[in-house]
Amino acid sequence: MSRVAVVTGGASGIGLGVARRFVAEGHAVAVLDRNGGGAKQAADELASSGATAMAVEVDVSDWPSVRDAFAAVRAQLGPVTILVTSAGVEAFDPLLEITPERWAQIIAVNLTGTFACCQAAIPDMIEAGWGRIVTISSQSAQSGAPNMAHYSASKGGVIGLTKSLAVDLARKGITVNTIAPSIVDTPMARAATESGNFPGIEVIAPLVPLGRAGTPDDIAAACSYLCSEESGSYITGQLLAVNGGMYI
Ligand SMILES: NC(=O)c1ccc[n+]([C@@H]2O[C@H](COP(=O)([O-])OP(=O)(O)OC[C@H]3O[C@@H](n4cnc5c(N)ncnc54)[C@H](O)[C@@H]3O)[C@@H](O)[C@H]2O)c1
């Protein structure tokens, strides 16, 4: 069945992979991203195959901008019943150098932004009596990660948020789950490699039990499973670690 899906962070990396997978499955997709040009490029690419797609520039940490973005999607595509929240920023700072402003910035995008988008989408799902939400957390919230106290805390918050939404929405036909990737080969991971904050995809990949870094398609496949009519209907409040077996 064709649904209206919103993918935040859909201009790049994991979000773009998820958006591509959803149009291939016949869904109409709205790409929401702070990078308006990138979102438009992604939506144009998705639409070139005949799919229904649109782009909205939005900063997920800005609540009014999130409300306006979902109103625009609703007006153009109809009620939103699938949401994947992939918009996020990575951060590396030594523990004692994290300023209040830096802390607030990371939490605002990764955690508050995730909640704002869920809150904006949920009324449509309640009305439809059906919904699927997949948040993107991180393995760093499970294991901890060096110089990532703010980032790991934001992603740990996403896990708790996901579990609470799942409980709140369980009797409304809406499932809410989170995917915790480890290392996924995306522009974000490449930028961290180039900045020297991270040992590098080529260094880490052989250490992954499955012998390679993840791809956006790997995450998209898990999203597809969790958002499907059948597989997704009795799975809620879960963390799916799509990490090649990597927990360090
Ligand atoms: N790549 C990895 O190894 C990895 C591992 C674990 C978790 N994650 C998480 O997966 C998600 C996607 O990461 P990615 O690797 O695809 O990164 P990416 O940088 O390729 O894509 C992230 C997208 O989010 C958008 N974005 C950032 N801030 C935004 C904001 N305030 N409002 C709207 N859009 C915003 C960016 O413009 C970008 O298009 C992130 O939440 C990230 O933390 C990634």
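This briefing covers a helix pair, one glutamate and the cysteines of the structure above. The model is predicted, so local features need pLDDT of at least 70 and side-chain atom pairs count only at pLDDT 80 or more, while totals for chains, interfaces and linings use all residues. Residues are numbered from 1 along each chain as its sequence is written, and side-chain values use heavy atoms, with hydrogens and water left out.

**Helices α4 and α6**

- The axes of α4 (residues 100–128) and α6 (residues 149–169) come within 8 Å and cross at roughly 20 degrees, helices being DSSP runs of H or I with at least four residues, numbered from the N terminus.
- Axes are lines fitted to C-alpha atoms over the stretch in contact, with angles running from 0 to 180 degrees between N-to-C directions.
- The two helices α4 and α6 are therefore roughly parallel to each other, a term that covers angles under 35 degrees.
- Residues of α4 including Trp103, Phe115 and Cys118 meet residues of α6, among them Tyr151, Val158 and Leu165, where contact means heavy atoms within 4.5 Å.

**Glu45**

- Glu45, which lies in α2 (residues 36–47), is partly exposed with a relative accessible area of 35%, that class falling between buried (under 20%) and exposed (over 50%), with a 1.4 Å probe and protein chains only.
- Glu45 and Arg20 are 25 residues apart in sequence and 8.9 Å apart in space, C-alpha to C-alpha.

**Cysteines**

- A search of the whole structure finds zero disulfides, a disulfide being a pair of cysteine sulfur atoms within 2.5 Å.
- For Cys118, the nearest cysteine sulfur is that of Cys117, 7.1 Å away, and Cys118 is buried at 0% relative accessible area.
- Cys223 is also buried, at 0%, and its sulfur is 5.6 Å from the closest cysteine sulfur, in Cys227, which is too far for a bond.

How values were computed:
Angles under 35 degrees count as roughly parallel, over 145 as roughly antiparallel, 65 to 115 as roughly perpendicular and the rest as oblique.
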